[in-house]
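Dear colleague,

Please find below the sequence and structure that I am handing over to you. My notes on the findings follow.

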Amino acid sequence: MDKQLYKELNKQVIKELYSAYLYMSMASYFDSINLKGFAHWMKVQVKEESQHAMKIYDYINERGERVIFEPIEKPPYEFTSPVDVFEKTLEHEKNVTKSIEGLVNLAKEKNDKNTENFLQWFVKEQEEEEENAFSVLEKLKSIGNEKHILIEMDVEMGKRE
Ligand code: FEO
């Protein structure tokens, strides 16, 4: 595989692991304010992000390269509200989308059809990721200060599989 493409894919593994770390930090915030359903939602997200990392890990391996791990940045932990958390989630997912798009462009540039095809799964996944974060954020914004509706929403968030 092209060296630059390999390096960027390796970086994406670390970015996905950072995503898992970020969502763990958000889960911990929700647990600390007793919104267990929101915490559960974030913990499911943690699992998804680990799977994203492993999917790229396996692909790198299949192509005969080896993933080299780097330190993972400390995630933010001082959140001011559930809205704040989901604004940060949406912003983060938009950055991940950009990163995936960058990889697709690089794969095209390097004429690596295999990698380009492999990345299509992530392009679709990012659409979903942004949509999910956006829809939760919009619901949270519409709730305002209605505590009892937030509690109802917490129950719903706890049903994520
Ligand atoms: Fe792996 Fe949330 O992007």
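Helix α1 covers residues 3–32; its 30 residues reach 44 Å from the first C-alpha to the last, close to the 44 Å expected at 1.5 Å a residue. Please bear in mind that this is a predicted model. The N-terminal end of α1 is capped by aspartate 2, which has a side-chain oxygen 3.0 Å from the backbone nitrogen of glutamine 4. Just after α1 comes asparagine 34, with a positive phi of about 60 degrees.

Helix α4, residues 113–143, can be described in a similar order. Its 31 residues should span 45 Å at 1.5 Å a residue, and the end C-alpha atoms are 46 Å apart, which agrees. At the start of α4, a side-chain oxygen of aspartate 112 comes to within 3.3 Å of the backbone nitrogen of asparagine 114. At leucine 119, α4 bends by about 25 degrees. Glycine 144 follows α4 and has a positive phi, near 60 degrees.

The remaining notes concern the surface. Tyr21, Met24 and Ile72 form a nonpolar patch there, and together they have about 270 Å² of accessible area. Of these residues, isoleucine 72 is found in the loop between α2 (36–62) and α3 (82–109). Why is isoleucine 72 described as partly exposed? The reason is that its relative accessible area is 35%, and partly exposed refers to values between the limit for buried, under 20%, and the limit for exposed, over 50%.

A colleague

Note on methods
Residues numbered from 1 in each chain as written. Predicted model: local features only at pLDDT ≥ 70, side-chain atom pairs only at ≥ 80, totals over all residues. Heavy atoms only, no water. Patch = residues over 30% accessible without salt bridge, like charges linked within 9 Å, V, L, I, M, F, W, Y side chains within 5 Å. Areas by Shrake-Rupley, 256 points an atom, 1.4 Å probe, with all protein chains shown as cover. Salt bridge = Lys/Arg side-chain N within 4 Å of Asp/Glu carboxyl O. Helix = DSSP H or I, 4+ residues; strand = E, 2+ residues; numbered from the N terminus. Buried < 20%, exposed > 50% of the residue type's maximum accessible area, 1.4 Å probe, protein only. Expected span 1.5 Å × (residues − 1). Bend = angle between axes of the 7 residues up to and from the residue. Polar contact = N/O pair within 3.5 Å; in protein donor to acceptor, adjacent residues only side chain to side chain.
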